[in-house]
Amino acid sequence: MGLPTIHSICCIGAGYVGGPTMAVIADRCPDVQVTVVDLSAERIAAWNGADLSRLPVYEPGLDAVVGRCRGRNLHFSTAVEEAIAAADLVFISVNTPTKTKGLGAGQASDLKWVEASARTVAKAARGHTIVVEKSTLPVRTAEVIQQILSASEGSDVGETQPAKSFSVLSNPEFLAEGTAIADLEKPDRVLIGGQDPEAIEALAAIYGQWVAPQKILRTNLWSSELSKLTANAFLAQRISSINSIAAFCEATGANVREVARAIGADSRIGEKFLQAGPGFGGSCFQKDILNLVYLCRHYGLEEVAAYWEQVVRLNHWQQQRIARLVISKLFGTVSGKRIGVLGFAFKADTNDTRESPAIRICRDLLEEGAVLQIVDPKVSESQIAQDLGQPAGAGEGSWQQVPEVQQAASGADALLLLTEWQQFAVIDWLQVAAVMRQPAWLFDARAKADGALARAAGLQVWTVGEG
């Protein structure tokens with residue numbers, strides 16, 4: 001058949017993966033037309049908006065990439081079937097949340113959007129189409145997609161068009177939110193799994209326009225799917241591990257940053273993901289580990305499942321521990337007390353709040369009657385309301401969003417730093433302390449603030465992992 005040439009790409013899903021990934025592909029491959037489609041007219045309108053600073057996904061540098069490509073060879077549309085019909089290659093980049101009910105609830109991935117996307121591709125595709133899993137998926141999901149697509153192979157699409165045929169590939173993303181553009185432009189590796197060598201090489205040729213050949217890895221489908229789950233599980237494991245040591249440091253008088261520096265200097269361990277904090281969040285870590293747990297149990301590997309499940313349990317424990325510590329230090333009760341919450345996104349340089357540690361910690365404090373004053377430079381009030389399950393309000397057990405640290409501190413008994421935004425490293429602690437109710441606390445769950453200056457201003461300070 002010969003190596004297929006990719007002239008047109010369609011991506012189903014305009015979220016945190018699809019939007020940035022397709023923008024970089026369009027930027028680096030100007031001869032390829034890239035169309036990102038989504039059923040949400042509101043989301044597509046935001047991608048097409050004149051103000052590039054208000055894109056639905058916040059990533060440093062994303063506005064510049066979209067600005068260079070949009071209208072040239074990068075397009076955002078709700079015309080899903082038309083874009084699929086015109087595409088040589090279709091990425092499926094839709095959400096795969098953890099199931100909330102039914103078989104596997106609480107652990108297994110909900111694949112309804114993946115299945116719906118596959119059925120839409122089967123219906124709308126023309127000629128030979130390469131279909132690429134971009135979403136994080138359970139091992140052997142490609143088999144399901146292939147079965148759906150195979151049911152329509154060979155069907156007539158008109159006298160001027162060849163019969164339908166498909167190749168299925170796995171191409172998981174390994175970008176980190178907050179550094180997504182840099183991760184996409186200079187990836188550690190690009191992983192392509194498949195059974196059709198020609199399709200693999202066609203996709204490799206796209207990445208090869210800016211990625212070194214030795215960084216484009218080829219595997220079978222199942223290894224590619226499992227590699228994504230395993231990578232996230234290993235990274236999350238390091239976070240839970242260092243947070244367990246942080247609690248031990250607090251009990252013994254050690255300092256977790258000194259411990260992390262010492263063990264990180266060991267080349268066998270390395271320094272990354274050894275920053276103690278309120279726990280991991282984001283769209284992938286918890287979901288992927290729970291998915292791994294479910295799959296291990298499905299194959300009868302109970303001990304393996306229990307091992308990885310403990311990583312998630314310890315993450316939840318860390319968040320509950322921080323909430324309990326705040327209550328304990330504030331004389332055993334936070335009912336009616338104001339607490340300024342610094343940061344709500346799950347990490348700095350993103351507006352993503354999915355599984356953010358702030359959600360569980362804030363919910364625990366609200367349940368105890370606290371009055372939260374929340375500041376985050378990129379997260380909207382409507383998103384906070386959705387995550388906390390209640391609108392902004394007043395009185396015990398309520399929250400409101402404020403624009404600056406000074407307002408978050410106003411009348412507060414404590415400030416709780418939960419997201420490592422750079423602006424929280426340069427706070428004027430004398431001004432802040434002056435508007436707080438004394439005795440006042442700073443609870444720094446990210447070790448981001450200048451604790452010495454906060455103490456000098458009269459605050460009592462707790463920093464994660466410091467005894």
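**A guided tour of the predicted model**

Begin by selecting Tyr299, Leu301 and Val304, which together make up a nonpolar surface patch with about 290 Å² of accessible area. The model in view is a predicted one.

The next stop is a cavity. A search of the whole structure finds one cavity of 30 Å³ or more. The largest cavity has a volume of about 50 Å³. To display its lining, select Glu133, Ser135, Thr136, Leu137, Ser170, Pro172, Ser224, Glu225 and Lys228. Colouring this selection by residue class shows two nonpolar, four polar and three charged residues around the largest cavity. Which helix supplies the largest share of this lining? Select helix 9 (residues 221-252): three residues of the lining come from helix 9, the largest share.

Finally, select helix 1, which covers residues 18-28. Is this helix mostly covered or mostly uncovered? Helix 1 is mostly covered, with ten of its eleven residues buried. To highlight the buried residues of helix 1, pick Gly18, Gly19, Pro20, Thr21, Met22, Ala23, Val24, Ile25, Ala26 and Asp27.

Conventions: Residues numbered from 1 in each chain as written. Predicted model: local features only at pLDDT ≥ 70, side-chain atom pairs only at ≥ 80, totals over all residues. Heavy atoms only, no water. Patch = residues over 30% accessible without salt bridge, like charges linked within 9 Å, V, L, I, M, F, W, Y side chains within 5 Å. Areas by Shrake-Rupley, 256 points an atom, 1.4 Å probe, with all protein chains shown as cover. Salt bridge = Lys/Arg side-chain N within 4 Å of Asp/Glu carboxyl O. 1 Å grid on protein atoms, 1.4 Å probe; cavity = no way out; pocket = protein on both sides within 12 Å on 5 of 7 lines; lining within 4 Å. Points joined across faces, edges and corners; volume = space filled by probe spheres on them. Helix = DSSP H or I, 4+ residues; strand = E, 2+ residues; numbered from the N terminus. Nonpolar A, V, L, I, M, F, W, Y, C, P; charged D, E, K, R; others polar. Buried < 20%, exposed > 50% of the residue type's maximum accessible area, 1.4 Å probe, protein only.
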